[in-house]
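Work through the exercises below with the sequence and the 3D view at hand. Try each task before reading its solution.

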Amino acid sequence: MTAPQQRPPSVDTLARSLTSSGLPHPICVDIARDAIESGDVSSAPVLAAAFSRSLLTDVVNATGVLLHTNLGRAPLAHSQPAAAQTVEFDLSSGARGSRQTAVGQLFARLTGAEDAMVVNNNAAAVLLVLAAVAAGRDVPVSRGESVEIGGSFRVPEVMEQSGCRLVDVGTTNRTRLSDYERAVARDDTDVAMVMKVHPSNYRVEGFIEETSIAELATLDVPVMADIGSGLLDANVPWLKGAPPAWLAGEPAAVQAIADGADLITFSGDKLLGGPQAGIIAGRRDLVEECKRHPLARALRPGGLVLRSLQNTALTYLDKRAAKDIAFWRMVDRTLAELRADAERIVADLDDARVQVAQMDALPGAGSAPGITMASIGLVVEGDLLEALRSHETPVIARSRDDRTFLDLRAVDPADHPVVVAALTAALT
Ligand SMILES: *Cc1c(COP(=O)(O)O)cnc(C)c1O
């Protein structure tokens, strides 16, 4: 015997029943319609929850990957009133100005370059430099640096898009100055500049040789270096004590310019700790060519990013980076501090399934591949990833062998109550 057919509720009634999801009414109507069409009215609250989860939301990053590309890389506090600002206005003359002036001069000062400008990200910075300085001409690149970085940033493809020709020099593991010299001197090439790319996310070991910026600067053509990570100064003067060991080998802006790079490009949201942006710094005439190129307009950042990046630059110039840039605050936390935090959380939870453990954190975003920094966190029995992700403020952790790992280095101490609440809920 089949149950008597019940009439499905109206779309409107079902949509109204979803009000507590907090989703806007038109979205609730869409979801109600989908649920009714699927023949399963009871799925509506699940669909609403799934929609809510698809929206951008704050999370606690307990993965131990400090600059997690999937979690927006460098965490950043920024707020701005709904006020007009001098994005393209020169206050001294009262005339139109350039949106590159304010932030450009600060990054020129920070890197020791003559001039600087900002675009949407580092991929855009590389594209713009190649298009503006080398379109229709040849650009020698070491075979060992013809790399893919993250999804879809591949050096040969970016070169093709910019309209310049890639000239392979050297071999995958060894490229010498003489290889570049031969490429520049050949009669059948028209070399606009040489490009050096930091192979951020991998490492070749063993019988290797690369040509330094200082050596490349002896060539007769401009040298561009994509240093990627955005470390401003290899001496890391904003931290007390010696530079952290895991930073050894990361190229830095100040040193690249001092060594003779004519142009450098780097990301704003990696080791710089600022918003997503790409910074181009170097010789004034070359930066000027980039500013004048039609692509500059398409790749330019808005006032929000410029203001945030200006704050980041001022923070470094004021020597407040260790305290006021979230990424460097994470790096600067001692193991003793992290252990005390972990012990406090364990005491709050008072559950034998949760323990303090030593861990290895990673800088992330392709910086310092294969290198870890010592950290402390919590190990919990069972795979709780899904439960932790379902918490009101989701907590993102890692799991292995039916255990869950929460690294505390990237967790703001202000979020400890969230971690405690999420774990309490996940464990019951
Ligand atoms: C990360 C990286 C890029 C891409 O930078 P985005 O800011 O993500 O566009 C390009 N080159 C290098 C060397 C990098 O490390």
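**Exercise 1. Place Phe-405 in the fold and list its contacts beyond four places in sequence.**

Solution. 
- Step 1. Keep in mind that this is a predicted model.
- Step 2. Set aside the neighbours within four places in sequence; Phe-405 is then in contact with Ala-62, Met-359, Leu-378, Val-379, Ala-397, Arg-398, Ser-399 and Arg-400.
- Step 3. Find the element: Phe-405 sits in strand S16, residues 403-407.
- Step 4. Decide on burial. Phe-405 has 11% relative accessibility, so it counts as buried. The cut-off for buried is under 20%.
- Step 5. Asp-40 is 365 residues away along the chain, and its C-alpha atom is 37 Å from that of Phe-405.

**Exercise 2. Is His-391 buried or exposed? Describe its surroundings as well.**

Solution. 
- Step 1. Locate His-391: it belongs to the loop between helix H16 (385-389) and strand S14 (395-396).
- Step 2. Check the area. The relative accessible area of His-391 is 19%, so this residue is buried.
- Step 3. The His-391 side chain reaches the backbone oxygen of Thr-393 at 3.2 Å.
- Step 4. Leave aside neighbours within four places in sequence. His-391 then contacts Val-418, Ala-421 and Ala-422.

**Exercise 3. Which residues surround the ligand, and how much of the ligand does the protein bury?**

Solution. 
- Step 1. List the shell: Arg-73, Asn-121, Asn-122, Ala-123, Ile-149, Phe-153, His-198, Ser-200, Asp-226, Gly-228, Ser-267 and Lys-270.
- Step 2. Sort the shell by type. It holds 3 nonpolar, 6 polar and 3 charged residues.
- Step 3. Helix H5 (122-134) and strand S9 (223-228) each supply at least two of its residues.
- Step 4. Take the ligand oxygens. A polar backbone atom of Asn-122 is 2.9 Å from an oxygen atom of the ligand. For Ser-267, a polar side-chain atom lies 2.7 Å from a ligand oxygen.
- Step 5. Take a ligand nitrogen. A polar side-chain atom of Asp-226 is 2.6 Å from it.
- Step 6. Finish with the area. The ligand alone exposes 380 Å², and the protein buries 92% of that.

**Exercise 4. How far apart are the C-alpha centres of domain 2 and domain 3, and how many residues of each are in contact?**

Solution. 
- Step 1. Domain 1 covers 11-49, domain 2 covers 60-74 + 328-427, and domain 3 covers 101-321.
- Step 2. Compare the centres. The C-alpha centres of domain 2 and domain 3 are 33 Å apart.
- Step 3. Count the contacts. On the domain 2 side, 15 residues touch 22 residues of domain 3.

Note on methods. Residues numbered from 1 in each chain as written. Predicted model: local features only at pLDDT ≥ 70, side-chain atom pairs only at ≥ 80, totals over all residues. Heavy atoms only, no water. Near = heavy atom within 4 Å. Polar contact = N/O pair within 3.5 Å; in protein donor to acceptor, adjacent residues only side chain to side chain. Areas by Shrake-Rupley, 256 points an atom, 1.4 Å probe, with all protein chains shown as cover. Helix = DSSP H or I, 4+ residues; strand = E, 2+ residues; numbered from the N terminus. Nonpolar A, V, L, I, M, F, W, Y, C, P; charged D, E, K, R; others polar. Buried < 20%, exposed > 50% of the residue type's maximum accessible area, 1.4 Å probe, protein only. Contact = heavy atoms within 4.5 Å. Domains from an automatic or database assignment.
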